[in-house]
Amino acid sequence: MIDYDKLLTDSIKSVKPSGIRKFFDLLQGMDDVISLSVGQPDFDTPWHIRKAGIDSLNDGKTYYTSNAGLDELRGEISNYLFRRFNIPKYEKKEILITVGGSEAIDLCIRSLVNPGEEVIVPEPSFVCYSPLASLTGGVAVPICTKAEDEFRLTADALKAAITPKTKLLVLPFPNNPTGAIMQREDLEAIADVLDGTDIMVLSDEIYAELTYGDVSHCSCAAIERLRERTVLVGGFSKAYAMTGWRLGYACGPAPVIAAMLKLHQFAIMCAPTTSQYAAVKAMRDGDGDVDMMFEEYDRRRKMLIHELNRIGMPCFDAKGAFYLFPSIQKFGLSSEEFAERLLNAEHVAVVPGSAFGESGEGFVRICYAHSLAKLTEAVIRIERFLKTL
């Protein structure tokens, strides 16, 4: 009998399964569950975007594109980033179309990080960065961000984490799971720390369009001192409700994008052609759709922040993405225990904060990409559960 455990690489065996996916398994077979756990828009992809994809199929546009993606799409991405975020325009050779933002993150890390080099990852954060760093032979170095700082990465914390082996800093803002954002002054302080180093920045800006309140999203790529060291990752899943289309992009210095392209052409060939034609339409004519969904998310955000604080789950005024990260510390349960008991008692699913790193313990992630009616019912159930603790 083959011992498959011996055949698998040490690096893949060392990677732990996603704490998010592990929790989702508990939902199987349960009825009447309100799931506030999946980070996916509850809107359908706008019709005119879907129609562009359908039209491309009807027109026989079903062949490979260039490895880097449609020239037309790369041009529209450059225009979009300038129009929406005041990011100086990228040349086409500085843009790569990928299979979701996830592939762009993977390509960036694998192209930059040698065995033994360090990747700084602010936590709590999405689950992919540290495992991908480990699979290259790199070393993930978590930095604990704190609720009292609204989960921002501070310049002092970054400075303390840098060593001669530091190669890459991940900046995942607006943040999943906390909803934290970094404003221009925060990024300028980060730039001060990085000045004079060769440390690159992977700026995951997939939630850039979802920045609320009286502040606008500021990209690392819009700050001149950071631009030359930044690989900006974006995509269509969150802003345009296109999760299943699996399309993202990376923008950055031409030599780095060229290296990422080499990996991409051998592993993927090119991103899905139909999705790329739909994305051209999204970039060109989708601003109104983005604004409409943004307004609805903001209504939900305000309601849920108020209600969570009212029922005794302290939550800061998160101004990014579509997540809240309330504290459960006063209840004396681990985040996993809290989430499991809530699910079993009231059929409401949230994600344990510990799924996003050790610093997430004592919190849970709640996604508000759901109707106000569902969120209202979820609050009723959660409040009922809290009274039993």
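Keep in mind throughout the tour that the model on screen is predicted.

β11 and β12, the latter covering residues 364–367, run antiparallel to each other and are joined over 2 bridges. To see the other residue pair along this strand pairing, pick P352, which stands opposite V364 in β12.

Next, colour β12 by itself and follow the directions of its side chains. V364 and I366 point one way from the strand, while R365 and C367 point the other way, and all of these residues are buried.

Now select Y323 and look across to β12, where its bridge partner is C367. This takes you to β9, which pairs with β12 in the antiparallel sense, again over 2 bridges.

With β9, β12 and β11 shown together, what order do the strands take in the sheet? The 3 strands form an open sheet in the order β9-β12-β11, with antiparallel pairing. β9 (323–324) and β11 (351–352) stand at the edges and have a single partner strand each, so that one side of each is left without a neighbour in the sheet.

Then show the protein as a whole in a cartoon view, where 15 helices and 12 strands can be picked out. Its radius of gyration is 21 Å, close to the 21 Å that the globule rule gives for 389 residues, so the protein is as compact as a globular protein of that length. If you draw a box along the principal axes, the C-alpha atoms fill roughly 60 × 60 × 50 Å.

For a last stop, display contacts and charges. Among the contacts between residues at least 6 apart in sequence, 76% join residues that are at least 24 apart. If you then select the charged side chains, there are 42 positive and 53 negative charges in the protein, and the mean positions of these two sets are 2 Å apart.

Technical notes: Residues numbered from 1 in each chain as written. Predicted model: local features only at pLDDT ≥ 70, side-chain atom pairs only at ≥ 80, totals over all residues. Heavy atoms only, no water. Pairing = 2+ DSSP bridges. Helix = DSSP H or I, 4+ residues; strand = E, 2+ residues; numbered from the N terminus. Rg over C-alpha atoms; globule rule 2.2 N^0.38 Å. Contact = heavy atoms within 4.5 Å. Lys, Arg positive; Asp, Glu negative; His and termini not counted. Charge placed at Lys NZ, Arg CZ, Asp CG, Glu CD. Buried < 20%, exposed > 50% of the residue type's maximum accessible area, 1.4 Å probe, protein only.
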